[in-house]
Amino acid sequence: MSLSTARSFLSEACYGEQELDANSALMELDKGLRSGKPGEQCEAVVLFPKLFQKYPFPILINSAFLKLADIFRLGNNFLRLCVLKVTQQSEKHLEKILNVDEFVKRVFSVIHSNDPVARAITLRMLGSLASIIPERKNAHHSIRQSLDSHDNVEVEAAIFAAASFSAQSKDFAAGICNKVSEMIQGLDTPVELKLKLIPMLQHMHHDASLASSSRELLQQLVNSYPSTPMVIVSLHTFTQLAASSLIDIPKQLELLLQYLKDDPRKAVKRLAINDLKLLAKKAPHLWIRENTQVLCECALTIPYNSLKLGMLAVLSTLSETIAIKQYFSNAAGGASVPPRLTDLVKLAQECCYHSNLVVAAHGVIVLCNITISCSEKDSVQLEQDTVLGVESLLMLCSQDSSSSAQATLKTALTSLVKLLKSRPHLSQPVVEFLLGQLHLSCDSSRILMCHALAAIATNLPVLRDSMLGDLVDLYTVVGHSSTGEQQELLVSMATVIFVASQSSLSAEVKMLIKQQLEGVANGWTVYRIARQASRMGCHEFSSELYQCLRTRVASEHFYFWLNSLKEFSQAEQCLSHVEDGDYSGAMSAIAEALRSYQKGIASLTAASTPLSPLTFQCEFIKLRIDTLQALSQLVCTCNSLKTSPPPAIAGTLAYTSGNDLQRCGRIAMQMKVCMEEFRGLAARYADLHQSLFDADYATLRNVELQQQSCLLVSHVIEALILDPQAASFQEYGELRSVQTESEYERRMMSVFNHVLEEVEGLSKKHSPVSHLHTSCLCDAVIALLKVPLSFQRYFFQKLQSTSIKLALSPSPRTFTEPIPVQNSQQLTLKVEGVVQHGSTPGLFRKIQSVCLNVTSVLQSKTGTDYKIPLDTKTNEMEQRVEPHNDYFSTQFLLNFSVLGTHLVTVEASVVDESGIEWKTGPKTTVSVKSLEDPYSQQLRHQLQQGGGQPAPQRGAYARF
């Protein structure tokens, strides 16, 4: 039997290929397992991890592992080794094995083999299964026996299994601790075996007494065996035990610092540094000032660069945490010491100018973090020292194209961006320095420096028009070849130019960039530059680039995608020509933009495929179209005050009806409709925001700004026209103090604040409704339209991918067939789910729990309509479950007392680590048919034949 079929459908299916179901995949692999050829059996075994990844539900995984257990029991040692590797690779699926007893029974039978290698593989298999069988006494007994074996392979396997079970089982750890201690202290145990036994003690942390006895043994070992390998293994086990038990971390810090200070061996010092770094990440709050001071003193006196680098790595880790605050806090009764005079700052300043670039990079990190953590009044001189240190390192690295210099340059620039975000007043001179350094740097350094310039200028508007000339001059001299580095440099420099131009590129600049792109740029580079132009609001330029790219792609989906981007850019370009006070011009611009947007949405729909449905893009553009239509309608409504003013008797009508809005005439009702429309748009933006679990923060902020603009317009309508007395501006006061992180956000917040100030001043001076109020509304619309829309990263690129796959049981035999259930019984609906991730899981946010919502709706009713409590007609339940190894399972008890067909809907949403709920889906439906139970049916027939009154229906609630 050839396994090519199995390989093909376990690999990623291409668009249009038919995927086989899980049972077919398992059957194909089962044929391979039953083959008489060992090669085909091994090939079938190693394909199982792909099967688990593609169909990660318990019913298949249970069957598959039982088949693997049979191969393990009956096969040769090589097959057993393959099964062991598959089990270790599929560790997160082990808890989905339903028949654990049967699986372990088949595996465990090999422990009685006369072959020590087979027993060793079995022990390692049991150790890999420790998470699901932590308290199996027969496994514990076999491990204890195998520790006394005379075969080294079996003993090493027993040590592995003992360590795995010790980590999972408190009883096993307590029972094995004494035996391990005797073996370690025994004179007949070889030193090599002792070195393998000692790491087992790191798992003895289940209670305080066990951890204490293990710590005493390790202390004794460190004192009794001063050889380098023994000290290294014992100290590292010491650290791991302290990190797990937590209470002994301060003692362990002192011990490690003592060895770092006093032990002359470089290997021991290096181990102490690595363990100190581990504890710096694990528990930085337990580092007292004395610990950090000892580390600084050691780093100042150590003559070896490699060890100094390790100590600086520990300090750079600590400098980002609370430990740096504890270091600079005054000791009890001690005199205040300026930060510049401390050993930590002296060390960092000294290292900034070190000949070793990596040491200098860590010195810059520490110095920047210290400057950020100190208050501004204490760090004026420190800020200057930090900037000088960073600039000197940048000058040194920017002309060196080696990998180490580029890594150092990237580290220094990252620290610099972080520093300038905390200290904005330092930005201007630093940006001027970077621009000057661009002319002297190599190409790879220019790319990194352009990234840093774009990051700085995005946070703060420090790139002025005077700097744009230098950037354009430099752009014309770079990019003379089509190498990857040159292409990247063209994109990076174009991005900085877009940021500096602030959405208004001159014709000369556009011509120069296009000439440069026509020479050496490939299609992908041009697309990336166009994408950045769309992000920065340079829509006219991006439209021209998309136009020339449309015919250079090989797929019609790509053609329609580029065509839609071109139309969207043209639509936004129409809106950029709107002038203040030109209301008819604004109406014409919106109409022209809507025409382009309608063409674009048609192309965008044509560009979508089943594998790439472009859901967010379509929804975002539809909302943009509806928003523009609502703004256009608002301007028309404002103009209607001129064409259809209130009647002469409007005041009398308002007085007699008691409705003051009657004074305004028909415009009042039109404004109310507009306000409701904008509130509806804001709600739709909120729903879109709630569905973007995988989006980057800039995209989420962009959607928030669109929502806030709709809320702002609805609030302005209410404040100016509908209810001026009740309108409050206090809730919008915080908009003035929001820290912005992009040029688009700055411009939008500026418009929001300006509109609010105008409305607040107008509502206090004039009573509604006059031409002043409608003009104010129209001006607000034009101000919003003049800000070029920013198409953020998620519109083009998805960096994080998270999806949930649900499975319901019982499930119908066919898709259209309903699940039968008697109306006197309740249905147990089991919901299982698997969380699937892309290549970078948890890049922006992680799943804390999954919220499952189950509702049922009666679709069609059959039989007699008995009087049944209303709450039994529909089910509505919600449960939160925490995924474990990306798998979750729960059950719902549903009542279908009303005869007929019910549609049950199960919808999943996720809750992130901040407690925010995201409507990610999916939504699964299943049909249930409620049937009358035989007893009730028989009773009803008897009553119908006898002509009596029908008895109450027998159901779950009848017995109460």
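View 1. At 34% relative accessibility, Asn-885 counts as partly exposed. The cut-offs explain the label, because partly exposed covers the range between under 20% for buried and over 50% for exposed. The model shown here, and in each view below, is predicted. Asn-885 sits in the loop that runs between strand E5 (876–881) and strand E6 (887–895). Its phi is near 55°, a positive value in a residue other than glycine. Asp-886 occupies the loop between E5 and E6 as well. Asp-886 is not a glycine either, yet its phi is positive, at about 65°. With a relative accessibility of 23%, Asp-886 is also partly exposed.

View 2. Ser-809 and Pro-810 are joined by a cis peptide bond. Omega there is about 5°. Pro-810 belongs to the loop between strand E1 (802–809) and strand E2 (819–822). A cis peptide bond also runs from Gly-921 to Pro-922. Its omega is near 5°. Pro-922 is placed in the loop between strand E8 (917–918) and strand E9 (923–931).

**View 3. The whole protein, for orientation.** The protein has 40 helices and nine strands. It contains 960 residues, and 52% of them are buried. Take the contacts with a separation of 6 or more: 73% of these link residues 24 or more positions apart.

**View 4. Helix H2 beside helix H5.** H2 covers residues 22–33 and H5 covers residues 58–74. Their axes come within 11 Å. The crossing angle is roughly 5°. Angles under 35 degrees count as roughly parallel, and H2 and H5 are therefore roughly parallel to each other. On the H2 side, the contact is made by Ala-22, Leu-26, Asp-30 and Leu-33. These meet Leu-60, Ser-63, Ala-64, Lys-67 and Ile-71 in H5. By class, the contact of H2 with H5 holds six nonpolar residues, one polar residue and two charged residues.

**View 5. Helix H3 beside helix H6.** The axes of H3 and H6 come within 9 Å. They cross at roughly 10°. That makes H3 roughly parallel to H6. Gln-41, Cys-42, Val-45 and Val-46 are the H3 residues in the contact. Their partners in H6 are Phe-78, Leu-79, Cys-82, Val-83 and Val-86. The contact of H3 with H6 has eight nonpolar residues, one polar residue and no charged residues.

**View 6. Pro-38 in helix H3.** H3 spans residues 38–46 and includes Pro-38. Pro-38 is partly exposed, with a relative accessible area of 49%. In sequence, Pro-38 and Leu-79 are 41 residues apart. In space, their C-alpha atoms are 8.0 Å apart. Leu-79 is also one of the H6 residues that meet H3.

**View 7. Thr-87 in helix H6.** Thr-87 is found in H6, which covers residues 77–89. Thr-87 is buried, and its relative accessible area is 0%. A polar atom of the Thr-87 side chain lies 2.8 Å from the backbone oxygen of Val-83. Set aside residues up to four places away in sequence. Thr-87 then touches Phe-65, Leu-94, Met-125, Ser-128 and Leu-129.

**View 8. Helix H22 and the helices packed against it.** H22 takes in residues 380–398, a run of 19 residues. From its first C-alpha to its last, H22 reaches 27 Å. That is close to the 27 Å expected at 1.5 Å a residue. The buried residues of H22 include Leu-382, Val-387, Val-390, Leu-393 and Leu-394. Glu-383, Asp-385 and Glu-391 are also among them. The buried residues of H22 pack against helix H20 (343–352), helix H21 (357–373) and helix H23 (403–422). They also pack against helix H24 (427–438) and helix H25 (443–459).

**View 9. Gln-437 in helix H24.** Gln-437 lies in H24. Gln-437 is buried, with a relative accessible area of 4%. Which side chain forms a polar contact of 3.1 Å with that of Gln-437? The partner is Ser-398. Leaving aside neighbours within four places in sequence, Gln-437 is in contact with Met-395, Ser-398, Gln-399 and Met-449.

Conventions
Residues numbered from 1 in each chain as written. Predicted model: local features only at pLDDT ≥ 70, side-chain atom pairs only at ≥ 80, totals over all residues. Heavy atoms only, no water. Axes fitted to C-alpha atoms, helices over the stretch in contact; angles between N-to-C directions. Helix = DSSP H or I, 4+ residues; strand = E, 2+ residues; numbered from the N terminus. Parallel < 35°, antiparallel > 145°, perpendicular 65-115°, else oblique. Contact = heavy atoms within 4.5 Å. Nonpolar A, V, L, I, M, F, W, Y, C, P; charged D, E, K, R; others polar. Expected span 1.5 Å × (residues − 1). Buried < 20%, exposed > 50% of the residue type's maximum accessible area, 1.4 Å probe, protein only. Polar contact = N/O pair within 3.5 Å; in protein donor to acceptor, adjacent residues only side chain to side chain.
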